[in-house]
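User: I have a structure to go through before I set anything up, and I'd like to talk it over. Could you bring it up?

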Amino acid sequence: MRIIKVNSVEEMGKKAASLVSSQIILKPNSVVGLATGSTPLGMYKELINLYNKKEIDFNLVKTFNLDEYFGIEKENHQSYYYYMMNNFFKFIDILEENINIPDGSAKDVVEECLRYERSIKQAGGIDIQVLGIGKNGHIGFNEPDVNFEAQTHLVELEESTIQANSIYFKTIEEVPTTAISMGIKTIMNSRRIVLLANGYSKADAIYGTINGKINPNLPASILQLHPDVTLIIDKEAASKL
Ligand code: PGA
């Protein structure tokens with residue numbers, strides 16, 4: 001594991017964007033795994049900036065998002081589809097057919113999960129996967145105790161995740177309790193992984209990710225077994241190391 005400590009959230013976004021953009025420069029048709037939440041917002045801003053400066057383009061890039069709430073339509077402003085469109089995709093030249101996000105309104109959720117896995121395989125696998133991390137150590141929406149062997153599947157969100165995400169909803173009752181998420185196995189199959197974390201609330205999870213025993217109660221600890229992981233963390237997230 002490579003650990004890059006940064007002084008600010010802004011620097012975290014810039015460093016993450018340079019890793020993703022160098023991947024795209026080296027391989028213009030890269031398959032890029034993307035995350036949502038507050039953590040990667042600076043990275044998206046910087047990638048848009050690099051695109052505007054004509055340093056990179058996304059014309060041949062394919063993306064796969066980690067997860068989507070289940071039981072939510074694309075048009076819902078809380079969907080991750082909406083987040084991705086409005087924080088990133090509408091500002092760059094990515095082709096619509098190259099954007100992949102699990103369909104949170106799928107009637108047959110099992111088939112949707114299988115379809116998503118098939119699409120990742122057909123695209124040749126993920127070259128670089130960007131991850132945030134939950135306070136409980138989740139990656140994607142793989143909550144503690146999820147099987148390390150899981151591929152894309154329907155997950156039940158933990159109370160702490162529902163609480164954390166409720167800031168984006170009017171009331172906590174509106175937060176979906178289930179989601180479709182790439183599994184740990186899907187994430188581990190990515191060729192490179194970049195995990196971003198900032199703030200004291202992530203310090204325990206970061207400590208466990210790097211120094212903890214590998215176990216499903218801290219899903220991110222499995223990353224210790226991946227050959228190419230880079231953590232970009234601020235001082236607060238690194239405060240327990
Ligand atoms: P956050 O979420 O970026 O909003 O903190 C990260 C996560 O839960 O994976």
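User: Before that, what kind of model is it?

Analyst: It is a predicted model, and I will keep that in view as we go.

User: Okay, which residues surround the ligand?

Analyst: The ligand is surrounded by Gly37, Ser38, Thr39, Gly132, Ile133, Gly134, His138, Tyr168 and Lys202.

User: And which side chains put an N or O atom by a ligand oxygen?

Analyst: Thr39 has a polar side-chain atom 2.4 Å from an oxygen atom of the ligand, while a side-chain N or O atom of His138 is 2.7 Å from a ligand oxygen, and for Lys202 the distance from a side-chain N or O atom to an oxygen atom of the ligand is 2.7 Å. Taken on its own, the ligand has 280 Å² of accessible area, of which the protein covers 79%.

User: What does His138 touch within the protein?

Analyst: Not counting residues up to four places away in sequence, His138 touches Gly132, Ile133, Glu143, Thr161 and Pro219, and with Thr161 there is a polar contact between the two side chains, at 3.4 Å.

User: Switching to helix 4: what span should it have, and what does the model give?

Analyst: Helix 4 runs over residues 109-122, and at 1.5 Å a residue its 14 residues should span 20 Å; the end C-alpha atoms are 20 Å apart, so the two agree.

User: Which of its residues are buried?

Analyst: In helix 4 the buried residues are Val109, Glu112, Cys113, Tyr116, Glu117, Ser119 and Ile120. They cover an arc of only 160 degrees around the axis, which means that they are on the same side of helix 4. The face turned away from that buried side carries the exposed residues Val110, Lys121 and Gln122.

User: What do the buried ones pack against?

Analyst: The buried residues of helix 4 pack against strand 3 (62-65), strand 5 (99-100), strand 7 (153-156), strand 8 (178-181) and helix 6 (184-188).

User: How about helix 2, what follows it and what do its buried residues pack against?

Analyst: Helix 2 is followed by Lys54, which has a positive phi, near 60 degrees. The buried residues in helix 2 are Met43, Tyr44, Glu46, Leu47, Ile48 and Leu50, and they pack against helix 1 (9-26), strand 2 (31-34), helix 3 (80-87) and strand 6 (128-131). As for its length, the 12 residues of helix 2 (residues 41-52) should span 16 Å at 1.5 Å a residue, and the end C-alpha atoms are 17 Å apart, which agrees.

User: Last one, Ile193. What is it in contact with?

Analyst: Ile193 is found in strand 9 (residues 192-197) and is buried, with a relative accessible area of 1%. Leaving aside neighbours within four places in sequence, Ile193 is in contact with Gln129, Leu131, Ile187, Leu223, His226, Asp228, Val229 and Thr230. Ile193 and Leu231 are 38 residues apart in sequence, and their C-alpha atoms are 8.4 Å apart in space.

Key
Residues are numbered from 1 along each chain as its sequence is written. This is a predicted model: local features need pLDDT of at least 70, side-chain atom pairs count only at pLDDT 80 or more; totals for chains, interfaces and linings use all residues. Side-chain values use heavy atoms; hydrogens and water are left out. Helices (H or I, at least four residues) and strands (E, at least two) are DSSP runs, numbered from the N terminus. The expected span of a helix is 1.5 Å times one less than its number of residues. Buried means under 20% relative accessible area, exposed over 50%, partly exposed in between (1.4 Å probe, protein chains only). The arc is that of the directions from the helix axis to the C-beta atoms. Contact means heavy atoms within 4.5 Å. A residue is near a molecule or strand if one of its heavy atoms lies within 4 Å of it. A polar contact is a pair of N or O atoms within 3.5 Å; within protein, one must be able to donate a hydrogen and the other to accept it, and residues adjacent in sequence count only if both atoms are side-chain atoms. Accessible areas come from the Shrake-Rupley method with a 1.4 Å probe; for residues, only the protein chains shown count as cover.
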